[in-house]
Amino acid sequence: MDKKKVDEHEAGSVALPKVDRFGFVKPEANSADGLTRSRSAFEYEREERRIRKWRKMIGVGGSDWKHYLRRKPHVVKRRIRKGIPDCLRGLVWQLISGSRDLLLMNPGVYEQLVIYETSSSELDIIRDISRTFPSHVFFQKRHGPGQRSLYNVLKAYSVFDREVGYVQGMGFVAGLLLLYMSEEDAFWLLVALLKGAVHAPMEGLYLVGLPLVQQYLFQFDHLVKDHLPKLGEHFAQEMINPSMYASQWFITVFSYSFPFHLALRIWDVFLYEGVKIVFKVGLALLKYSHDDLVKLPFEKLIHALRNFPEDAMNPDTLLPMAYSIKVSKHLDELKDEYEKHHGKVSDSRVKQKLQQLSAADTASIQLEGQQICD
């Protein structure tokens, strides 16, 4: 009897879930995106050459990055748009976001936030942890290393910036980062994004009332009408507005429900070029599906806008289409128009709200906080 139980246990333990190359558990049916097929010798060699070019460009540990970026920004932009090699993605994301500099300027701050501080958001974070990338092996185990790391990063940020605190969408951003870097690195990249180390601050995505989301949706609505007038008119007739389908695009930068291989390519560009890539990808998706969308009534339209077909999600098709759409000037004009009617979305960056940590550390951490975007 005992031997039978052991045999059954051993047989059961062999049946590990099949995962894709990013660590997500695969459905029973074979994935149609082609990413899981074995690569040919030619493809492997091409990827190796690409990695060697990137290693030469960034140097050991990123030592040559800033020099190369100053000399050849056009080469950097082109290579990033083609996709950062996955084995270097975490390091490059830290370099292009400015988070590596924040980490070096603020030694010990993350540990202080995690170990010694308490957050009013702790219960909310714990509640949402299991909902973040539930099909990824790193986050599946209850109280496992992935869930603990995610909790620590989100808790630390909710203490670091008590005005923002914690909002559910932040979990997907932090979770994505944790798949490519350590807790502390992920925390400082989150700070770099929300406080505006390189690009405009994005903390307004998560402030009460989601003011930056409101601005982005206003801008996107007008861009749709400008770039895709027939579809914009159809949306108006069916009473469809971007808040019904595009909010998560901005709140999670496509990390919530988009195929992971596409989300990564978008994030490569997002960290280097800023939020305009989210607008471009959104417009490209609508453009790709334009002829189908203009025929659909309200309910089918909502479903289609939340469930784009697989062929629309191919990064090698979608991203070149997105890159060809020019939005920068129009975005600036629409931002000015929005602010005339609604006032400015706070871009306070770091301010003095760098928290009351322990009394002994308040002054030093505020000083470090002031350096973040200087």
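Author: Let's start with a pair of helices: the axes of helix 7 (residues 109–116) and helix 12 (residues 183–195) come within 10 Å and cross at roughly 100°. This is a predicted model, where local features need pLDDT of at least 70, side-chain atom pairs count only at pLDDT 80 or more, and totals for chains, interfaces and linings use all residues. Residues are numbered from 1 along each chain as its sequence is written, and side-chain values use heavy atoms, leaving out hydrogens and water.

Reader: What makes helix 7 roughly perpendicular to helix 12?

Author: Angles of 65 to 115 degrees count as roughly perpendicular, under 35 as roughly parallel, over 145 as roughly antiparallel, and the rest as oblique. The crossing is at roughly 100°, so helix 7 is roughly perpendicular to helix 12. The axes are lines fitted to C-alpha atoms, for helices over the stretch in contact, and angles run from 0 to 180 degrees between N-to-C directions.

Reader: Which residues make that contact?

Author: Val109, Tyr110 and Leu113 of helix 7 meet Glu183, Glu184, Phe187 and Trp188 of helix 12. Contact here means heavy atoms within 4.5 Å. By class, the contact has 5 nonpolar, no polar and 2 charged residues. Ala, Val, Leu, Ile, Met, Phe, Trp, Tyr, Cys and Pro count as nonpolar, Asp, Glu, Lys and Arg as charged, and the others, Gly among them, as polar.

Reader: How many helices and strands does the protein have?

Author: It comes to 22 helices and 0 strands. Helices (H or I, at least four residues) and strands (E, at least two) are DSSP runs, numbered from the N terminus.

Reader: Why does Phe133 count as buried?

Author: Buried means under 20% relative accessible area, exposed over 50%, and partly exposed in between (1.4 Å probe, protein chains only). Phe133 has 5% relative accessibility, so Phe133 counts as buried. You'll find Phe133 in the loop between helix 8 (122–129) and helix 9 (137–140), with a phi near 45°, a positive value in a residue other than glycine.

Reader: Is Met239 buried or exposed?

Author: Met239 is at 65% relative accessibility, so Met239 counts as exposed.

Reader: Why is Ala200 called exposed?

Author: Ala200 has a relative accessible area of 54%, so the label is exposed. Ala200 lies in the loop between helix 12 and helix 13 (211–227). Ala200 and Val275 are 75 residues apart in sequence, yet 8.5 Å apart in space, C-alpha to C-alpha.

Reader: Which residues lie nearest the centre of the second largest pocket?

Author: They are Ala200, Pro201, Tyr216, Val275 and Lys335, out of 31 lining residues. The largest share of the lining, 5 residues, comes from helix 21.

Reader: What makes it a pocket?

Author: On a 1 Å grid over the protein atoms alone, a pocket is an open set of points with protein on both sides within 12 Å along at least five of seven lines, and lining residues have an atom within 4 Å of a point.

Reader: Why is Glu339 called buried?

Author: Glu339 has a relative accessible area of 14%, so Glu339 is buried. Glu339 is found in helix 21 and touches Gln215, Lys344 and Val345, not counting residues up to four places away in sequence.

How values were computed: On a 1 Å grid over the protein atoms alone, a cavity is a set of points where a 1.4 Å probe fits but cannot get out, and a pocket is an open set with protein on both sides within 12 Å along at least five of seven lines; lining residues have an atom within 4 Å of a point.
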